[in-house]
Structures are given as structure tokens and as C-alpha cells.
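Please have the sequence and the model to hand.

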2 protein chains.
Amino acid sequence: MNLTEDVLPRTLQHRLENDLILRAARRQPVERTPVWIMRQAGRYLPEYQKVRTHVDFLTLCKTPELASEVTIQPVDRLGVDAAIIFSDILVVPEAMGMNLAVDESKGPFFQSPLRSSADIERLHLPNVESIHGGLRFVPDAISLTKRNLQGRVPVIGFAGSPWTLAVYMIEGQTPATFRASKELIYNRPIDAYRLLEKLSQSVALFLTAQIEAGADLVQIFDTWGGILSPVAFREFSLRFIRDVIQRVRESSKRGDETPIILFAKGVHHSFEEIANSGIDVFSVDWTIDLGHVRASIGSRIALQGNLDPMVLHTSPEVIVAEVEKVLRSFGKGSGHIFNLGHGILPDTPVEHAKLLVDAVKEESRIFHGTGVHS
Amino acid sequence: MNLTEDVLPRTLQHRLENDLILRAARRQPVERTPVWIMRQAGRYLPEYQKVRTHVDFLTLCKTPELASEVTIQPVDRLGVDAAIIFSDILVVPEAMGMNLAVDESKGPFFQSPLRSSADIERLHLPNVESIHGGLRFVPDAISLTKRNLQGRVPVIGFAGSPWTLAVYMIEGQTPATFRASKELIYNRPIDAYRLLEKLSQSVALFLTAQIEAGADLVQIFDTWGGILSPVAFREFSLRFIRDVIQRVRESSKRGDETPIILFAKGVHHSFEEIANSGIDVFSVDWTIDLGHVRASIGSRIALQGNLDPMVLHTSPEVIVAEVEKVLRSFGKGSGHIFNLGHGILPDTPVEHAKLLVDAVKEESRIFHGTGVHS
């Protein structure tokens with residue numbers, strides 16, 4: 001059964017009860033600041049851990065019924081304003097021909113990282129419609145989640161940026177020094193471009209399939225753009241993000257209308273270039289002052305973020321105070337989606353995550369001076 | 001024998017043959033851009049490795065004759081424009097009462113990190129004049145190095161910033177998540193202030209002793225300021241750096257006149273505050289565009305940096321091209337000290353480090369349009 005086309009034709013989509021994130025992404029008025037949490041479906045949730053006792057990480061990613069179940073868990077538990085589909089950015093390189101494995105303590109990794117030009121040449125574009133060896137499980141999980149949520153909150157699809165995927169494909173796993181990645185771009189730029197071009201085509205196909213399956217927003221994660229010099233970031237990361245966005249925009253009317261969020265860590269040097277990349281929302285890490293970046297590009301795009309995830313390890317009083325600081329740093333008016341400045345840490349107390357969501361809802365209503373409940 | 005006072009009275013100091021770094025630090029005219037390399041005395045040098053076959057790391061730090069020997073090695077081998085004293089930032093907490101150990105693969109660490117308020121209370125100010133249990137070995141090594149160099153190049157003293165030292169004292173060693181450090185500042189700010197105040201007094205005493213012993217410049221390393229939010233950086237790191245600087249400036253005429261360099265990684269958000277902190281030179285990491293920071297604060301302080309250390313793992317052609325990019329990003333005029341954007345990596349080929357120094361000397365003369373050899 002093709003969930004994407006048969007179960008959820010466009011005309012049967014549930015009207016969204018809560019579209020705060022969509023409005024904030026478009027810088028339209030909101031009653032309060034919407035909030036979700038990067039990696040909100042995951043290890044810190046007991047109900048996620050329970051599902052994981054029966055199934056390994058990759059099987060969970062690749063089984064739409066289960067992926068949808070854990071995707072919805074934080075909506076039920078925390079009351080977040082969006083569901084982000086449970087998946088992993090590394091499923092794309094796997095569907096391009098790489099061998100993905102999982103180390104239970106360190107997460108997914110590649111047993112045979114890219115080494116030669118031939119390794120890069122061998123990579124193929126992913127088949128986003130195929131169940132076996134393709135990426136169909138993600139659009140299917142999105143369609144199913146849309147159906148299961150019945151319009152409660154929007155669903156966010158996502159992918160890694162070409163550069164960030166390339167780093168994992170070259171290094172094998174989370175790198176310490178990024179030596180192999182930097183050697184590739186500095187010593188073999190032709191190979192680097194070839195790889196990044198293939199990746200931008202692949203990521204665009206994947207995001208388009210997620211949008212066609214019903215994703216209301218999509219987010220691109222550029223976790224490793226910030227390890228580059230400003231010049232190298234623009235040349236090897238942002239350039240290909242722009243390429244992905246253009247391809248998605250040109251893919252269909254829905255591709256053109258779906259808000260795109262870019263999370264990029266440590267790229268304080270390129271606000272202007274990011275604002276011009278075609279994205280709708282820039283998701284910033286906790287080392288960036290929201291007010292500063294808003295003053296610079298906030299009239300053109302919305303912002304997402306940016307509480308230090310470690311604050312969720314402190315006390316209720318500190319969490320509320322730090323939430324207020326983030327709200328104040330953005331200031332009054334729309335165009336802000338509250339989030340952490342990076343993914344939630346695995347050992348975060350669930351009650352602190354819940355407190356964060358409640359605090360944003362309550363404090364932002366007070367801060368924006370609206371008594372209206374949404 | 002008190003090397004500081006007896007061997008090197010102020011009046012007998014050698015006149016500097018090469019004072020390019022001092023002039024650049026004061027934004028005075030230079031014939032070419034001066035260059036040195038953070039961690040230039042260290043593991044990548046075969047002559048350093050040779051010394052280390054006979055002596056362990058801490059004994060090397062604490063034996064002025066040997067510390068001076070490895071301090072001068074890169075001046076001989078690479079032709080850098082300054083010698084930075086061989087030492088480790090963690091000798092300060094050790095002299096405050098902590099137990100410093102060395103793991104040969106990971107470097108120095110504390111076996112009993114600070115846990116309680118009582119742990120912080122027990123810390124005492126270091127004795128900078130005592131050989132046993134104090135820090136006298138560093139000023140002694142500086143005096144000896146001044147004598148051995150006979151004015152060939154200036155000598156740089158250094159210390160960790162209060163915040164960066166606090167991180168190591170709380171975490172024990174290089175941290176992965178900085179959880180304990182952030183829990184301290186968010187959950188127990190009074191303890192954090194007490195610790196940082198003790199550290200700023202200690203660091204100021206230590207830097208003053210180095211200046212009195214003959215250091216021509218001093219550098220403060222704030223490696224971990226950038227893991228904080230902008231507000232937390234200013235409150236828990238920069239504030240105490242400012243305190244250190246004020247104490248050093250007030251300590252003596254020489255303390256007031258000696259250029260102070262601040263290396264701070266990832267603090268792109270606080271240029272203005274850094275320029276107002278009392279430092280002379282801001283040493284920036286490779287993710288910051290030199291031209292951008294110069295346009296913002298370059299009329300008030302000099303800049304140091306900022307080649308990505310990983311570039312030294314590429315090819316001669318790439319190294320020369322990237323050196324040119326850094327020179328161009330700073331632009332014409334004085335006020336630039338060339339350096340890496342972080343410490344040189346342990347497995348860097350020596351010939352690439354030498355090439356870097358030669359390239360800066362040659363290219364900067366061409367770039368600045370001077371044919372004069374200095």
C-alpha cells in the first residue's frame with residue numbers, strides 16, 4: 001500500500017488545529033511563541049525506551065508504524081507544537097549505497113567511510129519510492145503520522161545538509177578533528193564538489209518526497225558547517241544547501257510553499273548569506289544572541305532557538321529564568337519558534353522538558369501581552 | 001639562585017633585535033606581518049620529542065633549563081617572531097592545592113575535580129616566588145629564556161583564563177558536555193563566583209610574576225568561553241578576564257605597559273566587550289573573518305590569527321593560498337599578528353609549519369608592498 005498517495009490524498013488532509021509554527025515561520029501574528037524540541041522523540045523519554053526494548057534503532061527508523069508512534073510520543077507527553085518525524089540523517093547515505101551500522105552507545109556510523117574518487121563515483125541517487133533499499137519508509141511514516149495526529153500539530157520532515165552528510169560519510173562517525181573532511185575539501189576539491197553535488201540532488205529528492213507525503217515544514221540540519229572557516233562554509237556547505245532549497249522549491253507548488261528551516265551550528269559569520277539562501281527559518285545555536293541576529297536579518301526570515309540544552313539539567317527556577325531570557329532576547333512580535341540551541345541531551349529529566357514547554361507557552365503569552373489561549 | 005632578580009636585572013636586558021610582534025600589538029608600522037604558532041613548542045617537533053624521552057611532561061614544565069630549551073626550539077627551527085614559554089595552564093590550579101596528574105595520551109588532568117563548596121574554599125592563592133609547591137619555575141624559565149635568546153625575539157608568557165581553568169578544575173579534564181561546569185554556574189552561582197574570584201587573583205599574580213621576570217607580552221587563553229551563551233560568557237568568563245587585566249595593569253609600570261593578548265575561541269558575539277576589556281590583542285579562531293572583526297574593533301586593538309590548524313595537514317600549495325587569504329582578510333596596514341586559529345595539531349609535519357612561517361614572511365612583505373628585510 002502506498003501510504004503517500006493512497007491513504008492521504010491532499011484533499012483529505014486534516015485541517016491543522018494548531019498552526020502556530022507555520023504562522024511563526026511566515027512571520028505572521030501568533031498568540032504565543034510556538035515551541036518544539038530538537039530530538040524530542042528519543043532516548044530521554046521512557047515511552048521511547050520502552051519501544052526500543054523490542055526493536056533496534058534502524059528497524060525503528062524503517063518501520064513507519066513504530067516511527068510514527070515515537071514521533072507522536074512527545075506531542076502527547078510534552079504538548080509541543082509540532083511533531084518531527086523520527087528518523088536519522090544517515091539513512092540518506094545508506095540509500096546511496098553506503099553501509100550503515102549502529103553502535104548502541106555511539107549511534108549510527110559507516111563501517112567503510114568514503115576514501116577514494118571511485119568510492120564517490122559508486123554512490124547513486126536514493127530511490128525515495130522504493131521500500132527495499134530506498135527511502136520510502138520516511139514519507140510513509142510522515143503520511144501515517146499525519147493521519148494519526150488528525151491535525152493536532154504540524155509534522156516536520158528533515159534531512160542532513162550535503163556538507164554534514166559528507167562529513168559523516170568521509171569520517172565514518174562523529175569526528176574529533178575533521179581531518180579527513182578538511183583534507184578532502186582542501187586537497188581534492190573536485191572530489192568534494194562531486195560528492196556534494198550528488199548529496200544535494202539526493203537530499204532534495206528526499207525532502208520533496210517528505211513534503212509530498214504531507215510534511216508541513218522541513219528542516220535541514222547543518223551540524224558541521226561551523227567547523228569551517230567562513231569562506232569554506234559558504235563554498236562547501238551553504239552553496240549546496242542553497243542548491244537543495246532551489247530544487248525543492250522547483251519540485252512542485254507544495255515544495256515552493258512549505259517552510260524550510262535551516263539549523264546550522266556555529267555559523268555566526270554568515271547571517272546575510274543564510275538569509276539569502278531561500279530558507280524561511282534560521283535555527284540558531286545557543287552561542288548566538290537572538291536579538292542580534294534578528295536585528296540583522298529578522299525582517300526577512302523567522303528565527304528558531306536557542307536555549308542551551310544543558311539548562312534542562314539545572315533547576316525549575318533556572319529553566320524558567322533562562323526561557324524568559326531567550327524570549328526577551330528575541331523581543332516582541334512574531335517570527336520566533338522556541339527551541340533548544342541543539343538537540344536535547346539523552347539524560348535530560350522528562351519533567352524538565354515538560355517544564356520548558358509549559359514555561360514557553362505561559363511566559364510568551366505574558367511577554368507578548370496576550371491573554372488568548374490558543 | 002633567584003634568576004628573576006639576580007641574573008636578569010631590568011637594566012641588563014638585551015635590546016630586542018626583532019620587535020615586530022610588539023609593534024604589531026601596538027598597531028605601529030611593521031615591514032611585514034609577524035608570525036608565531038600557538039603550541040609551537042611541542043609534540044610535532046622531533047627535537048621536543050627527543051627531550052621528552054628523558055623527562056616526563058610536568059618535570060619538563062618545572063625545570064627552567066629544560067623548559068627554556070624547548071621554548072627556543074621553534075625559534076631555531078621555524079624562525080618564528082616570538083618564543084612562548086613552554087608550560088601548561090593547569091600548573092596554576094596545582095599551585096592552588098589541586099592534584100595534577102598526566103595521562104600520556106590525553107595530557108594533564110585532575111584526579112579529584114572540585115565538587116563541593118568546601119573544595120573551593122580549600123583552594124589557596126599560589127605562591128609565585130616559591131620553588132617547592134609554588135609557580136616560581138615559570139618566571140625562572142622566562143628569565144633564563146630571555147638570557148638564552150639574547151634579544152633575538154620577544155618572549156611571551158601565558159595563563160589560562162579564570163573560566164577556562166575553572167572548567168578543567170570542575171570537570172577534571174577536557175570535557176565532552178561541560179555538564180558539571182554549567183551546573184555550577186546555573187545552580188550554584190555563588191560558588192562559581194567564589195571560585196572565579198580566587199582564580200582571577202591567582203592568574204593576575206602569575207602573569208605579573210612572568211612580566212616581572214621579563215616576559216615581553218602575555219597571552220590569556222580562554223579556550224572554553226565559547227561554550228557559553230553570550231550572556232553567560234560575559235558574566236562568567238569575560239568579567240573575570242577584565243579583572244585579571246586590571247590587576248596586572250595596576251601591579252607595576254611594566255604590568256601597565258606589557259601588551260596582553262586574549263585568545264578566546266567561539267566568542268563571535270562579544271567583539272565590542274572584548275575590545276573594551278583592556279587587552280591589546282584579540283586572538284581569534286578560524287571561524288571568524290579577520291576583516292569583519294577588524295572593521296568592528298580594529299581601530300582600538302590589534303588582531304592575531306587565524307588560519308585553520310588543519311590547513312597544515314594539506315599541501316604546500318594550499319598552505320600558501322590559505323596564508324594569502326588570511327592576510328587579505330585582515331587587509332593592509334598594521335595591527336595583525338599571524339597565527340593559527342587554535343594550537344598546532346600534534347601530528348603536523350614540521351616542514352609544513354616551517355612553510356607557514358616562511359609564507360607569512362614572504363607573502364606579507366609582498367602584500368604590504370615593502371621590499372625591506374627585517
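## Conventions

Axes are lines fitted to C-alpha atoms, for helices over the stretch in contact, and angles run from 0 to 180 degrees between N-to-C directions. Helices are DSSP runs (H or I, at least four residues), numbered from the N terminus.

The model is predicted, so local features need pLDDT of at least 70 and side-chain atom pairs count only at pLDDT 80 or more, while totals for chains, interfaces and linings use all residues. Residues are numbered from 1 along each chain as its sequence is written, and chains are lettered from A and ligands numbered from 1 in the order in which they are written.

## Helix pair in chain B

The axes of α11(B) (residues 189-212) and α12(B) come within 9 Å and cross at roughly 35°.

Residues in contact have C-beta atoms, placed from the backbone, within 7 Å. Those of α11(B) include B:Leu196, B:Leu199 and B:Val203, and those of α12(B) include B:Phe236, B:Phe240 and B:Arg247.

## Contact between the chains

Chain A and chain B each give 28 residues to the contact. On the side of chain B, α10 (179-187), α12 (230-251) and α16 (316-330) each supply two or more residues; the largest share, five residues, comes from α10(B).

Note on methods:
Two residues are in contact if their C-beta atoms, placed from the backbone, lie within 7 Å.
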